Structure formats: C-alpha cells, structure tokens
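Trainee: I want to check the wording used for this model. Can we take the terms one at a time?

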Amino acid sequence: MSNTPIIDLRSDTVTRPTPGMREAIARAIVGDDVLGDDPTVIALQERVAAMFGKEAACFVPTGTMANQTAIRAHTEHGDEIIAHEGSHIIHYETGAPAALSGCMIRPLAGAGGLFETADVENAIRQDSVHFPRSRLLIIENTHNRGGGTVWPLAQVERVAAVARERGLRTHLDGARLWNACAATGHAPADYAKHFDTISACFSKGLGCPAGSIVVGSRDIIGRVSRFRKMFGGTMRQSGVLAAAAIHALDHHVDRLKDDHANAKHLAQSLGTVTGLRLAPDQQSLGVQSNMVFIDLDPALAFDAHALSGCLKERGVLILPVAPRRLRAVCHLDVNRVAVDRAITILSDVVCTG
Ligand SMILES: *Cc1c(COP(=O)(O)O)cnc(C)c1O
C-alpha cells in the first residue's frame, strides 16, 4: 500500500494545488487588501462580478464566511431566514446565523434539498407584532446533503420570484454553483439574476487551497465587506489566494463535467456490488453532479464507519455521513483509473466482509 497513492473521495475540498496553480500563486502581484490595493484580489472580484452579472464582489477566506457576511448584511436580529431543512447554513456553520446575526431559520422539507413556491408562500409570515420578520430566502445549489442535487433554473426563478414579491431578500448558497452550471450548461449569471447575493467557493471543485466570494450590488457588497472585517476575514496579501482562484477559473471550470461523469460511473458500478446501493434520493433523482451517497444493506454485518475504516487500510478514503451511509465525492485529484480502482477495492472489502 505504501507505493499506491491514496484515493481520497471524502470531499472535493481535499484537492492539492496543481503545479500550474502553484506557479500562478508564485507569480501573483500583491498589495494590502485591507488598504484596498491588492491588484490580484481586485481583478478576481471584478471578473467574478461580471461573470455573475452583478456590480461588485468581495473575496473571503471561506464559504461559511461568504454565507454569514451575506446573512448579516441582509438581516436584523430577530429576523427569520427561510431555507431547506438540510441546508449547509443549518447543519455545518456552527449555528452562525443565530450567533452572528441573531436570526431564526424556518426549515422547509423537500426531496434532494429542493422545495416549491407553495412551501415558501406558506412559510412567509404575516406582518404582525407577534411574528419574526420573514426577511431572507436562501437556496443551496448544488445541494450538498440533498445529494449534490441541481436546482432546475425554472424552479429557482419561480421560487425566488415569490420571495421577492413578498419583499424578502434572496441569497444563493452557490458553494458549488460551478458544478450546477457544468451539469445544466447554464451560466452563473443565469442563476445569479434571481438573487440579491450569491456565495461561491474556489476551494471545492475548482481546486484552490482556500477562498470564496460573495457577489451582489455595490451597496450590499459594501455591507458584506464591512462584516468581513468585523468577522475577522479581511486579509492582507490575499492576492496569492486570488491568483489561485483566477487560475482555477481559467483551467478548472470546463473539467468539472469529468467529475460528474466519474460520479455517475461510480454510481453505476455500485449496482454490481452486493450489499451496497444508492441512497433513496439519488435513486429517484439520479446522480446529478460530483457526489455519490452510498447506503449499506441492513443485512451487512458492518456499518458505514467500520467499512470506511477497512477502506482506509486499503488506501481509499470515503466519508461515513450516517450509520449506514457513505458519501463519495469526485474531484480534480481523482481520475477514472482511480475511480475504477476504488470500486474494485470497495467491492473486495464488502464481499470479504
Ligand atoms: C462547503 C460549503 C460551504 C462552506 O464552505 P467552507 O469553505 O467549508 O466554510 C457552504 N455551503 C455549502 C453548500 C458547502 O458545501
């Protein structure tokens, strides 16, 4: 095993910067972004704002900070956010909407992380002294816990329209928006035009070591960058990170469809492994982007945690996300040969128990 590289399917965040990206980082011309004069950060912000059809953008260290500065910029304490019950902002951001913005979240149900206009209509509060104020609708695309599900553009349009008509702001958690675009062929701006703010990550499928961005109008991005400073996320020579993001936009966007093809291939091959199957949401909705959720047959003697331990010994890393569920994510550092090897090892380990 010592000579075989690890196949790391835990997340698309595990990618290491490529030699080309490291060169771009080394060449970056930098300034002091707290003083507002890092030319590479400015160039990245202008490029992404244009790509999303918005006036301005703000480069931040993480996707969590991107979402939380946007939430803070849109809301007041006591406001209510409407979002899917499986949202990243609910499960993986340490309660930040409550801690940093004093907001409640009204969770909506729906297969794959999606919901409909009626769900939003029913959740919006009447204007009353008794109720929290419904202030912000958040859609997550692709939806992580939902299975890497892609929101159809028409559904985004009608759901966001309901929120806007009722005076709510709209935010898109687009940590993996480029995956949604790769899956549908739509441009980022096609999705972005239905939202006041959009967050997007360079550190996921695009393969950067760190960095995310918030995009919106000049006014709202002014507030976002104020809260970025307050939350401790305004950096100095961050042009080194922005250079990685610019490199990724040039070289790593078109290839996302390869990750999606590899994920579909992985899902199809699971059919041949007795004891494993796709999670129900993915069975009905299909594998839509780079994530595969694998359920263990109740008859198997071991659980997801034990299986992930055995796989690790054989050089394959897959994340257990529930007692009988694993999540495998395809990315830049896993090619088709590696996916095939992971499948062979997976079926070996499951069959020999
Ligand atoms: C990863 C992720 C984030 C947050 O990103 P971090 O950089 O890990 O803070 C936000 N939303 C979604 C949907 C994500 O998958």
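Mentor: Start with helix 14 and helix 15: their crossing is right-handed. Keep in mind that this is a predicted model, where local features need pLDDT of at least 70, side-chain atom pairs count only at pLDDT 80 or more, and totals for chains, interfaces and linings use all residues. Residues are numbered from 1 along each chain as its sequence is written, and side-chain values use heavy atoms, with hydrogens and water left out.

Trainee: At what angle do helix 14 and helix 15 pack?

Mentor: Helix 14 (residues 304-313) and helix 15 (residues 336-351) pack at about 125°, with axes 10 Å apart. That makes helix 14 oblique to helix 15. Angles under 35 degrees are roughly parallel, over 145 roughly antiparallel, 65 to 115 roughly perpendicular, and the rest oblique. Axes are lines fitted to C-alpha atoms over the stretch in contact, and angles run from 0 to 180 degrees between N-to-C directions.

Trainee: Which residues of helix 14 and helix 15 meet?

Mentor: L307, C310 and L311 in helix 14 meet I345, L346, V349 and V350 in helix 15. Contact means heavy atoms within 4.5 Å. The class count is 7 nonpolar, no polar and no charged. Leu, Cys, Ile and Val are among the residues that count as nonpolar; Asp, Glu, Lys and Arg are charged.

Trainee: Why are helix 1 and helix 11 called oblique?

Mentor: Helix 1 (residues 19-27) and helix 11 (residues 239-251) pack at about 135°, with axes 8 Å apart. They are therefore oblique to each other. Helix 1 passes helix 11 in a right-handed crossing. G20, M21, A24 and I25 of helix 1 meet V240, A243, A244, H247 and A248 of helix 11. By class, that contact has 7 nonpolar, 2 polar and no charged residues.

Trainee: Now the ligand. How do you know which residues are around the ligand?

Mentor: A residue is near a molecule if one of its heavy atoms lies within 4 Å. Those around the ligand include T62, H88, E93, D173 and R176.

Trainee: What makes a polar contact?

Mentor: A polar side-chain atom of T64 lies 2.6 Å from a ligand oxygen atom. That pair qualifies. For K204, a polar side-chain atom lies 2.9 Å from a ligand oxygen atom. G63 uses a backbone N or O atom, at 2.8 Å from a ligand oxygen atom.

Technical notes:
Helices (H or I, at least four residues) and strands (E, at least two) are DSSP runs, numbered from the N terminus. A crossing is left-handed if the near helix is turned anticlockwise from the far one by less than a right angle, and right-handed if clockwise. A polar contact is a pair of N or O atoms within 3.5 Å; within protein, one must be able to donate a hydrogen and the other to accept it, and residues adjacent in sequence count only if both atoms are side-chain atoms.
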